[in-house]
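Here is a short briefing for a first look at this structure. Keep the sequence and the 3D view open while you read.

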Amino acid sequence: MPDHAVIVGAGVIGLATAHRLALDGLSVTVVDATRGEAGASVHNAGWIVPIMSAPVPAPGMIGKALRWMARKDSPLYVRPTPRPEHVRFMLSMLRHCNPRDFQHGLESLVSLNERTVSLFDEYEKDGVRFEYHRTGQLMAFHTRETMREYQATAAPLERIGHLAVPLSGDELRDLEPALGKQVRAGLQCPQERHVDPTSLVKGLTARCRELGVRFLHNRRVTDIRHRGPAVTAVVAGDEEIHGDVFVLAAGAHTGPLARKAGFSLPIQPGKGYGFDDTTGSVTLRHAVYLGEAKVAVTPLSGRLRFAGTMEFGSFDAAIDPHRLRGIVRSAHEFLPGFAAGARPHGWTGLRPMTPDGLPVIGPLPGKDNVLVASGHCMLGVTLAPVTAEIIAAQVKGGQGASGTTAAAAPFSPQRFASRRARTARTD
Ligand SMILES: Cc1cc2nc3c(=O)[nH]c(=O)nc-3n(C[C@H](O)[C@H](O)[C@H](O)COP(=O)(O)OP(=O)(O)OC[C@H]3O[C@@H](n4cnc5c(N)ncnc54)[C@H](O)[C@@H]3O)c2cc1C
């Protein structure tokens, strides 16, 4: 078993992995380009939602996307950009919008999520301090038709104990009086949880420090040193950071690092927007999904967080005011107490997206000591602890965690190897 792991990326995935490896007795160094507490891991809705395991590329998505493309404030937008990786990515995602790939992705994510909630409970027991809510999630819809679509994708989750119970509009309003009359149907998902994502990142960082993890902040990894099939160090500025095993957990920026290590991974950013409302004009007890608008609303200590929209094609953190206004408009439609003219201070986060909608977890093909933990799309918070378990089992050589590693097979980076390379491996 290796002694020293170097993890690139101090987002929720890198931190969860550092925490798990440190508990397993490895010496761990985490390298991050920022001062920490940055990126999508703090700019998200904080939902722990196995019930939302449906992959992004889905049958029918193309039609919806084309309708939405005409509106700059819609839940999905593809920014025209000539970058070849972006174009290849979008074409590949379109190819995955079919019933067979969708069903395969959904079933794989259901299995992966089997222990998600209990792993978050274990964080608490281990002394990770974070804001953790067990009030469940409600999904609110304007039409029964949309409710039934979500109910169908939630149905396979029953096998792992996550329920989506149909409710009428009035039953929803009994639970959350702030929902407006336009809400006519919904789902109650009592097993789902939510966290304050910043508190989770801070809590994992603090617990990692207690376990002896070394953090190297403000170091952007720009290169990778190899000796034959092994990586010996990552390079940040004029510093070389050596280790026995390397984990690439750089979120939407993982693709270029994997390329430096000799393998092409199609991870592209899916920009999301959000804001925190502290006016108290609306209060909620549950995390609420504004179904048709695809907006997540999260009640946190002293504020209500709104998050949503998916914008492909931008790597920067710039805020397009149309997209932020789209969230405000939807918030008012579903929660009339929220002012239609609100001008909140927004933020953005880059989701690490993959063309098949599945995360990338496992050994990097062609390298003996590099693993990838990235591409978690809309579920990086939810899947952080199980990802860490898989990476730890793979670093240790799979002992004692064969169930975990078997559930990880669909997420292997190997699925992105060229057909010729895959055939050569099976010969
Ligand atoms: C609006 C929005 C809402 C969301 N809501 C939810 C939700 O409710 N539930 C859920 O489960 N998921 C949600 N997600 C998705 C989730 O936030 C992401 O999947 C997750 O944060 C990805 O974590 P990460 O650690 O892989 O990446 P990041 O958080 O992006 O972290 C990557 C880290 O790597 C560092 N880095 C990058 N390149 C380098 C380099 N070259 N050298 C050194 N360091 C580098 C960065 O500085 C960063 O700290 C949401 C995302 C968004 C945007």
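A polar backbone atom of Val 12 is 3.3 Å from an oxygen atom of the ligand. The model is predicted: local features need pLDDT of at least 70, side-chain atom pairs count only at pLDDT 80 or more, and totals for chains, interfaces and linings use all residues. Residues are numbered from 1 along each chain as its sequence is written, and side-chain values use heavy atoms, leaving out hydrogens and water.

**The ligand and its surroundings**

- A polar backbone atom of Ile 13 is 3.2 Å from an oxygen atom of the ligand.
- For Ala 40, a backbone N or O atom lies 3.2 Å from a ligand oxygen atom.
- The protein covers 94% of the 1000 Å² of accessible area that the ligand has on its own (Shrake-Rupley method, 1.4 Å probe).
- Helix H1 (12-23), strand E15 (268-277), strand E19 (346-353) and helix H11 (380-395) each give two or more residues to the shell around the ligand. Helices (H or I, at least four residues) and strands (E, at least two) are DSSP runs, numbered from the N terminus.
- There are 37 residues around the ligand, and Asp 32, Ser 41, Trp 47, Val 221 and Thr 382 come nearest. A residue counts here if one of its heavy atoms lies within 4 Å.

**The sheet**

- Six strands form an open sheet with mixed pairing, in the order E10-E2-E1-E14-E21-E20. Two strands pair if DSSP finds at least two bridges between them.
- Strand E10 (214-216) and strand E20 (360-363) are the edges, each pairing on one side only.
- Strand E14 (residues 245-248) runs parallel to strand E21 (residues 370-374), with three bridges.
- Phe 246 stands opposite Val 370 in E21.

**His 162**

- His 162 sits in the loop between helix H6 (144-154) and strand E7 (165-168).

**Arg 325**

- Arg 325 is in helix H10 (residues 321-334).
- Arg 325 counts as partly exposed, at 42% relative accessibility.
- Arg 325 and Asp 101 are 224 residues apart in sequence and 34 Å apart in space, C-alpha to C-alpha.

Terms used: Polar contact = N/O pair within 3.5 Å; in protein donor to acceptor, adjacent residues only side chain to side chain. Buried < 20%, exposed > 50% of the residue type's maximum accessible area, 1.4 Å probe, protein only.
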